[in-house]
Amino acid sequence: MLKRKNININFLYDIYSSIQDDYEKKFNKEQFFEFILKEYNTFILSEPNPVGYLKATIIKDQMEIISFVIDKNYRKKGIGKTLLNKTLLIAAKKKISSIFLEVSVENNIAIDLYKKVNFLKIGERKNYYSLNGRKVNAYIMKLNLP
Ligand SMILES: CC(C)(COP(=O)(O)OP(=O)(O)OC[C@H]1O[C@@H](n2cnc3c(N)ncnc32)[C@H](O)[C@@H]1OP(=O)(O)O)[C@@H](O)C(=O)NCCC(=O)NCCS
């Protein structure tokens, strides 16, 4: 987890921008700094190899996962699951009671992974994503922490 006072954000941005994926449009440096300097945002890197990241925002005792990506050259090695479990531990330490996320109804890989760590589908948002002009629904998934 990012400890804002102790870390060089330029260094963190270099790691973030080196992670290769075709999934989401990456923040530029200004957007990254803006995101990371907000106290309620969390940026978590995979460990020990920083080849994936998870961005989340926290409001009171709820966390919303905004994005979760593993470098396309390092997938299917268990890194995503480990990063997700690290996130759950961090959330528990912060006394988060529930975690929410949206995932495309077509993203079976991510849906399977979220189910493995006990997320449940609790709803569906119509036309939530736009993929090359095509509208795709999203599931809303939720995990209650003990
Ligand atoms: C989703 C993502 C983060 C998973 O990361 P990963 O490191 O490849 O995942 P893991 O290796 O830890 O796999 C964990 C589980 O995910 C599922 N999974 C991963 N790759 C899979 C594949 N190619 N086919 C089917 N299931 C797969 C499986 O359930 C797997 O569990 P298993 O190893 O017990 O079979 C990664 O594929 C990714 O970055 N995708 C693009 C971004 C994205 O879709 N993010 C989620 C947005 S909501």
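Helices (H or I, at least four residues) and strands (E, at least two) are DSSP runs, numbered from the N terminus.

Two remarks on conventions. This is a predicted model, in which local features need pLDDT of at least 70 and side-chain atom pairs count only at pLDDT 80 or more, while totals for chains, interfaces and linings use all residues. Residues are numbered from 1 along each chain as its sequence is written.

I begin with overall dimensions. The C-alpha trace of the protein chain spans about 40 × 40 × 30 Å along its principal axes. The radius of gyration is taken over C-alpha atoms, and the globule rule is 2.2 Å times the number of residues to the power 0.38. For 146 residues a compact globule would have a value near 15 Å, and the protein chain agrees because its own value is 15 Å. Two residues are said to be in contact if their C-beta atoms, placed from the backbone, lie within 7 Å. Among contacts between residues at least 6 apart in sequence, 57% join residues at least 24 apart.

Next, burial. A residue is buried if 20 or more other C-beta atoms lie within 10 Å of its own, exposed if 12 or fewer, and partly exposed in between, with C-beta atoms placed from the backbone. Buried residues make up 20% of the 146 residues in the protein chain.

Which residues have the most contacts inside the largest nonpolar core? A nonpolar core is a set of buried Ala, Val, Leu, Ile, Met, Phe, Trp, Tyr and Cys residues joined through C-beta atoms within 7 Å. The largest one has 23 residues, and those with the most contacts inside it are Leu54, Met63, Ile65, Ile99 and Met141. At least two residues of this core come from each of β2 (52-59), β3 (62-70), α3 (79-93), β4 (98-104) and β6 (134-144). The most is given by β3, with 5 residues. Leaving aside residues up to four places away in sequence, methionine 63 touches Ala56, Ile58, Ala91, Ile96 and Ile99.

I turn to the strand pairing. Two strands pair if DSSP finds at least two bridges between them.

β3 and β4, by contrast, pair in the parallel sense over 4 bridges. Glutamate 64 has phenylalanine 100 in β4 as its bridge partner. From β3 the chain crosses through α3 to β4, and this β-α-β crossover is right-handed; that is, with the strands pointing away from the viewer, the path from the first strand over the helix to the second runs clockwise.

Several local backbone features deserve mention. Glutamate 47 and proline 48 are joined by a cis peptide bond, with omega about -5 degrees. Proline 48 has its place in the loop between β1 (41-45) and β2.

Lysine 76, in the loop between β3 and α3, has a phi near 65 degrees, a positive value in a residue other than glycine. Is lysine 76 buried or exposed? Lysine 76 is exposed, because 8 other C-beta atoms lie within 10 Å.

Strand β5 (residues 120-131) contains asparagine 127, whose phi, near 50 degrees, is again a positive value in a residue other than glycine. Asparagine 127 counts as exposed because there are 10 C-beta neighbours inside 10 Å. Lysine 126 is also found in strand β5, and with 8 C-beta neighbours inside 10 Å lysine 126 counts as exposed.

Tyrosine 23 is found in the loop between α1 (9-18) and α2 (29-36). It has 13 C-beta neighbours inside 10 Å and therefore counts as partly exposed. Although 45 residues separate tyrosine 23 from phenylalanine 68 in sequence, their C-alpha atoms are 9.6 Å apart in space.

A residue is near a molecule or strand if its C-beta atom, placed from the backbone, lies within 6 Å of it. The ligand is surrounded by 19 residues, the closest being Arg75, Gly80, Lys81, Asp112 and Leu113. Two or more residues of this shell come from each of β3, α3 and α4 (108-116). The largest share, 5 residues, comes from α4.
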